[in-house]
Amino acid sequence: MSEKSEDKKSKPARRPQKRQIYLKGHKRKFLVVVDETPECESALAFAASRAERTKGQLALLYVIEPEDGAMHWLGVEEIAREEGLNKAKAVFRLFGRKLKSLGFEDLDPEEIVREGSKSEEITKLIEEDPDIGVLVLGASKDPSGPGPLVSSLAGGRLAGVFPTPITVVPGHLSTEEILALA
């Protein structure tokens, strides 16, 4: 057995931070990972409706994933970061308009940008923010599977130890059906 595998086995399991969502001064946050996928809109509609109905907060996370192999060139990393931030701002504007068109004008979502692997950054953010009470993901309509995030977080090795509940919104539901369920 290698030293690395022994180190991983000897580390005690990290206990998740206790959620603070029901303490005075805290609001339960519904976290949605935003990107350009169609299933993201389903997650947004469900989370916005739940946040409004439960007097909670909506948090939108955009993750800038590093491009493989390109970061070793001087200046390329900074340009990629700037492009990622600009794309994040555009996605937040787009989803702000979608929220308004769905009738959620009064919701003021928290906008969070992180850099790294999506699943790792989602997990880190939830561990850091004790007000996040639910992660809302949209499942793809694609018959090959629900999508990489749903597969890795809700169905992968983290499923049994994830720090918050994960709500997966089926991809075949219309916006009206989603709002009626939320």
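A: **The sheet and its helices**

In this predicted model, five strands form an open sheet in the order 3-2-1-4-5, with parallel pairing; two strands are taken to pair if DSSP finds at least two bridges between them. Strands (E, at least two residues) and helices (H or I, at least four) are DSSP runs, numbered from the N terminus. The edges are formed by strand 3 and strand 5 (166–169), each of which pairs on one side only. Direction ignored, neighbouring strands of this sheet are turned against each other by 25° on average. In general, the strands of a sheet pair through backbone hydrogen bonds, either parallel or antiparallel.

Strand 1 and strand 2 run parallel and are joined by five bridges, and V33 stands opposite L61 in strand 2. Helix 2 (residues 39–53) packs on the sheet, where it touches strand 1, strand 2, strand 4 and strand 5, and its direction makes about 170° with that of strand 1. Such angles run from 0 to 180 degrees between N-to-C directions, the axes being lines fitted to C-alpha atoms, for helices over the stretch in contact.

Helix 4 lies across strand 1, strand 2, strand 3 and strand 4, and runs at about 130° to strand 3. Its buried residues are K118, E121, I122, T123, L125 and I126, where buried means under 20% relative accessible area, exposed over 50% and partly exposed in between (1.4 Å probe, protein chains only). These residues pack against strand 1 (29–33), strand 2 (57–64), strand 3 (110–115), strand 4 (132–138) and also helix 5 (148–154); a contact means heavy atoms within 4.5 Å.

As for the setting of this part, the chain has six helices and five strands, which follow each other from the N terminus as α-β-α-β-α-β-α-β-α-β-α. Of its 182 residues, 41% count as buried, and among contacts with a separation of 6 or more, 76% come from residues 24 or more positions apart.

The confidence of the predictor in each residue is given as pLDDT, from 0 to 100; the chain averages 84, and 80% of the residues score at least 70. Over residues 1–13, however, pLDDT stays under 50, and the model has two contacts beyond four places in sequence for that stretch.

Residues are numbered from 1 along each chain as its sequence is written, and side-chain values use heavy atoms, with hydrogens and water left out. Local features need pLDDT of at least 70 and side-chain atom pairs count only at pLDDT 80 or more, whereas totals for chains, interfaces and linings use all residues.
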